[in-house]
Amino acid sequence: DPYPDLARSSHSAAARRSRALARLPNRRSMSYSDIADLHLLMHVIEPQPEGPLKRVYMCSTGAQRFNENCTIMPNKKQLKATQGKAKPQIKNRCAVLFGTVNKERVDQSVNGKARTSLSTPLYEMKVCEVAKVHAIWEPPQTGTVNVYDPSKLIQGKDFERALEIAEALGLRVVGWIYSYADDRQNGGDENGSGEDSLPVFARDIVHGAKGQIDNMQKFGREDGQKYLTLALDAKSGATEAFQLSNVSIQMVAEGVLEIPGTGDFKRFVKTHESISIDNKETKELDSVLCLVNTAMLSHEGRFSGKVGANSVKKVGGLTVKKKKAILAKIDIGDDGDIIDELCDFNAIMALDRSLSKEEMAYLCTLVTKYSKGIRKGIKMDNNLKLVLKTALAS
């Protein structure tokens with residue numbers, strides 16, 4: 001059982017009991033104790049103030065590249081047909097966040113302050129767990145201006161291989177990111193967000209919960225619940241980070257929430273069974289009650305690649321520019337520069353098509369050491385250089 005045990009043993013027992021009582025010919029009125037017992041079997045929805053992660057360090061290079069991949073620039077033919085008036089189109093996408101979970105002091109300001117004998121000892125200061133995103137991997141997908149494509153977000157051969165390579169690099173799944181291009185942040189009434197702006201709707205909660213459930217099945221309840229949901233506005237690039245509440249994860253696992261249709265984008269989600277909010281029975285849930293706000297800071301991921309350069313095409317292969325850059329470093333002969341050019345998770349995923357598992361394991365070992373600062377005397381085997389040249393020349 002990888003799910004949080006916040007609700008009672010069987011939520012559906014409340015509905016079954018209610019239907020059974022309704023079928024009795026001489027049904028008596030329920031007592032207050034019966035009503036209380038029935039209420040205990042429902043999911044009680046309350047705001048969750050904190051999640052297992054205190055904050056997330058998002059890779060700025062990867063986030064910028066993900067935002068750029070959501071924008072389709074017009075080609076020469078389109079510009080010519082519209083006399084240069086063709087505008088960029090947005091296709092929403094989603095991606096997996098690979099990184100690490102670390103412990104650090106809650107108060108980071110102490111690092112820049114002068115310390116005296118009267119200062120609180122560092123070992124007595126509170127620590128917290130944080131997630132650091134080092135790579136963003138976009139699975140094969142076909143998104144539209146209305147919705148992203150999550151069909152291969154937590155399943156498929158590409159995803160399983162990405163998990164293996166991430167493990168070889170010392171990384172794990174720490175969450176996911178998706179983009180949106182509608183007016184949900186403008187408080188439009190059409191999508192149910194008239195009261196307050198909210199970047200996470202019912203559909204996003206369901207997919208985020210499914211990702212966390214998969215993570216909990218792989219890593220266990222304690223480690224698997226350290227999972228983030230990031231929402232990116234494809235038009236402005238603004239990004240917000242959340243964690244999903246424990247009770248929302250369990251409701252998705254039990255099938256209590258109705259999965260919205262492809263074109264149904266609303267802040268409020270319907271439930272198959274009754275739930276309790278503020279001691280009131282209802283079948284409608286506000287998405288904001290499923291979210292835990294999470295602080296987000298910026299940093300440079302160890303496997304994000306070069307700033308301003310997209311190393312892979314959307315179909316998964318290396319770009320011509322990236323191939324030439326790696327070949328140029330191999331011709332120069334500096335092993336450190338070659339490995340530095342290969343400190344890119346997406347480039348390693350693209351090379352996986354041409355290298356054997358043994359060669360990939362050796363490459364991941366070199367890249368991991370280099371990214372951690374172990375660079376003195378690092379060497380790359382000549383056989384691997386030859387294999388890389390052959391693969392990149394084709």
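Begin by selecting α3 (60-69), β6 (127-137), α5 (157-168) and α11 (345-351): each of these elements contributes at least two residues to the lining of the largest pocket. The model on display is predicted. Within this selection, highlight α3, which gives the most to that lining, with four residues.

Colouring the lining by residue class gives 12 nonpolar, six polar and 10 charged residues.

Now turn to the cysteines, including Cys 128 and Cys 364. Cys 128 has a relative accessible area of 10% and is buried, because burial requires a value under 20%. Cys 364 is likewise buried, at 2% relative accessibility. A search for disulfides returns zero in this structure.

The last stop is helix α10 (residues 335-341), where Asp 335 is to be selected. Is Asp 335 buried or exposed? With a relative accessible area of 9%, Asp 335 is buried, since this value falls under the 20% cut-off. Display the side chain of Lys 385 as well: a polar contact of 2.5 Å joins it to the side chain of Asp 335. To complete the view, show the residues in contact with Asp 335 beyond its neighbours within four places in sequence, namely Ile 378, Lys 379, Met 380 and Lys 385.

Definitions and conventions
Residues numbered from 1 in each chain as written. Predicted model: local features only at pLDDT ≥ 70, side-chain atom pairs only at ≥ 80, totals over all residues. Heavy atoms only, no water. Nonpolar A, V, L, I, M, F, W, Y, C, P; charged D, E, K, R; others polar. Disulfide = S-S within 2.5 Å. Buried < 20%, exposed > 50% of the residue type's maximum accessible area, 1.4 Å probe, protein only. Polar contact = N/O pair within 3.5 Å; in protein donor to acceptor, adjacent residues only side chain to side chain. Contact = heavy atoms within 4.5 Å.
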